[in-house]
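Work through the exercises below with the model open beside you. Try each task before you read its solution.

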Amino acid sequence: MKAVVLREYGGPEKLVYEEIPDPVPAANDVLIRVMATALNHVDIDVRNGTSGVESIQRLPHIPGVDAVGTVQAIGSDVTLWKVGDRVTPHFILSCGKCANCRGGRENICTDSQIVGLTHWGGYAELLCVPERNLVRIPDGVSFDAAAAAMTPFATAWEALVITAGIRAGEKVLITGAGGGVASHAVQVAALAGARVIACAGADDKLEKVKALGAEAVINYKKESLVDGVVRVTGGQGVDVVFDGIGGDILKSSIKCLAEGGRIASIGAHAGEVVDIDMIEFFRKHLTMYGCGRSTKEIVSRVLELMDVGKLKPVIFRVLPLEKAAEAQILMESRDFFGRIVLTTS
Ligand SMILES: [Zn+2]
């Protein structure tokens with residue numbers, strides 16, 4: 001098969017498109033003909049060998065967390081899938097045996113592999129995973145759309161609906177709303193009946209976020225996040241913050257919360273260590289959740305909502321697999337809105 005192989009950590013030039021032997025499915029494995037893979041920020045860490053990647057990964061490696069395709073072959077013991085089924089591997093290859101898996105929380109499996117991180121991923125024509133880790137893709141959802149949007153929608157759903165428990169009419173602040181997950185979170189919050197306030201650092205991105213369902217927007221390069229929230233909420237603050245940035249934005253967003261407010265934190269690329277004023281935190285009865293990995297059930301649900309048009313993928317660009325390095329340079333430039341997809345079809 002053709003694949004983008006990483007043999008040593010470094011810049012985009014380390015991603016080499018080459019011919020390697022096809023993977024062979026074990027008895028319980030499904031071999032997937034990959035049709036599309038979306039770029040994920042994790043792919044950049046994987047290439048650079050940063051954020052703890054080096055300690056859990058072996059080289060050579062094939063990146064690609066968010067892959068979709070059709071079943072090309074099945075192992076001798078596979079019963080759930082047949083050749084031709086449209087599927088996606090849930091990126092958390094859960095064990096199916098630990099207490100969390102048994103309790104229906106396979107998203108926090110204590111013995112999982114991760115597609116594209118510890119297990120060869122979707123920057124390839126073929127991908128092998130255990131049959132228990134697959135999710136069906138509805139016929140009405142294209143491969144590009146599924147690859148682009150299933151993970152951001154599912155991540156946002158898990159954080160906003162399941163974990164933070166947003167309710168109709170609540171005010172929800174979404175930080176870094178031009179980003180891949182956050183731009184999809186705007187739609188999830190709006191679909192759940194929340195009043196969405198989105199912030200980002202560029203007016204053109206904020207215009208696009210408005211079109212996705214944000215009621216109010218804040219450009220934090222023009223006014224402080226706290227001033228912006230005071231302005232658009234009449235001083236009341238917000239009920240929930242969805243944050244994938246961390247650092248000073250997370251610190252400011254705590255000040256944006258009304259009494260009893262909740263924060264769902266799904267990432268911290270702009271600052272992993274944050275000092276928090278705990279006096280304000282407990283006096284306002286705030287709650288902070290760490291979250292960001294959804295279960296297969298939620299992936300399945302958001303794919304169904306995409307199928308009926310209730311959630312719409314935000315795709316910035318589709319490039320052929322051999323242009324993976326170019327796609328990652330584009331992602332690192334931050335000059336995009338929505339998701340970048342690699343296709344093999
Ligand atoms: Zn498990």
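Predicted model: local features only at pLDDT ≥ 70, side-chain atom pairs only at ≥ 80, totals over all residues.

**Exercise 1.** Take the salt bridge of arginine 136 and aspartate 85. Where in the chain do its two ends lie? Is each end buried, partly exposed or exposed?

*Solution.* 
Step 1. Read the distance: 3.7 Å, N to O, between the side chains of arginine 136 and aspartate 85.
Step 2. Locate the ends. Arginine 136 belongs to strand β9 (residues 134-136). Aspartate 85 is in the loop between β4 (66-74) and β5 (86-89). They are 51 residues apart, so the pair links distant parts of the chain.
Step 3. Compare the accessibilities. Arginine 136 is partly exposed at 44%. Aspartate 85 is buried at 7%, because buried means under 20%.
Step 4. Look for further partners. Lys82, Asp85 and Arg136 are linked in a network of salt bridges.

**Exercise 2.** How many salt bridges does the rule count? What is the N to O distance between glutamate 223 and arginine 231?

*Solution.* 
Step 1. Take the total: 17 salt bridges.
Step 2. Turn to the named pair. The closest N and O atoms of glutamate 223 and arginine 231 are 2.5 Å apart.
Step 3. Glutamate 223 is partly exposed, with 23% relative accessible area. Arginine 231 is also partly exposed, with 47%.

**Exercise 3.** Which residues coordinate the zinc ion, and what is the arrangement of its donor atoms?

*Solution.* 
Step 1. List the donors: the SG atoms of Cys95, Cys98, Cys101 and Cys109, at 2.3 to 2.4 Å.
Step 2. Read their spacing in sequence, which is C-x2-C-x2-C-x7-C.
Step 3. Use the angles. The 4 donor atoms subtend 104 to 117° around the zinc ion, and therefore the arrangement is tetrahedral. For four tetrahedral donors the ideal angle is 109.5 degrees.
Step 4. Check two of the cysteines. Cysteine 98 is buried at 11% relative accessibility. Cysteine 101 is buried too, at 11%.

**Exercise 4.** Where do the domains lie in the chain, and what area is buried between domain 1 and domain 2?

*Solution.* 
Step 1. Read the assignment. Domain 1 covers 2-150 + 294-343, and domain 2 covers 165-290.
Step 2. Take the separation: the C-alpha centres of the domains are 28 Å apart.
Step 3. Count contacts. In domain 1, 15 residues touch 13 residues of domain 2.
Step 4. Give the area. About 1000 Å² is buried between domain 1 and domain 2, and carbon and sulfur atoms give 67% of that. In domain 1, Leu311, Val314 and Phe337 lose the most area to domain 2, together 48% of what that side buries.

**Exercise 5.** Which residues does serine 265 contact, leaving aside its neighbours within four places in sequence?

*Solution.* 
Step 1. Name the contacts: Asp243, Tyr289, Gly290 and Cys291.
Step 2. Judge the accessibility. At 19%, serine 265 is buried, because the cut-off is under 20%.

**Exercise 6.** What is the phi of histidine 285, and what is the phi of arginine 334?

*Solution.* 
Step 1. Take histidine 285. Its phi is near 55°, a positive value in a residue other than glycine. Histidine 285 sits in the loop between α9 (278-283) and β15 (287-290), and is exposed at 62%.
Step 2. Take arginine 334. Its phi is positive, about 65°, although it is not a glycine. Arginine 334 lies in the loop between α11 (324-333) and β17 (339-343), and is exposed at 60%.

Key: Residues numbered from 1 in each chain as written. Heavy atoms only, no water. Salt bridge = Lys/Arg side-chain N within 4 Å of Asp/Glu carboxyl O. Helix = DSSP H or I, 4+ residues; strand = E, 2+ residues; numbered from the N terminus. Buried < 20%, exposed > 50% of the residue type's maximum accessible area, 1.4 Å probe, protein only. Donors = N, O, S within 2.8 Å, 3.2 Å for Na, K, Ca; no water. Tetrahedral: all angles 85-135°; square planar, octahedral: opposite > 155°, others 65-115°. Domains from an automatic or database assignment. Contact = heavy atoms within 4.5 Å. Buried area = accessible area lost by both parts, 1.4 Å probe.
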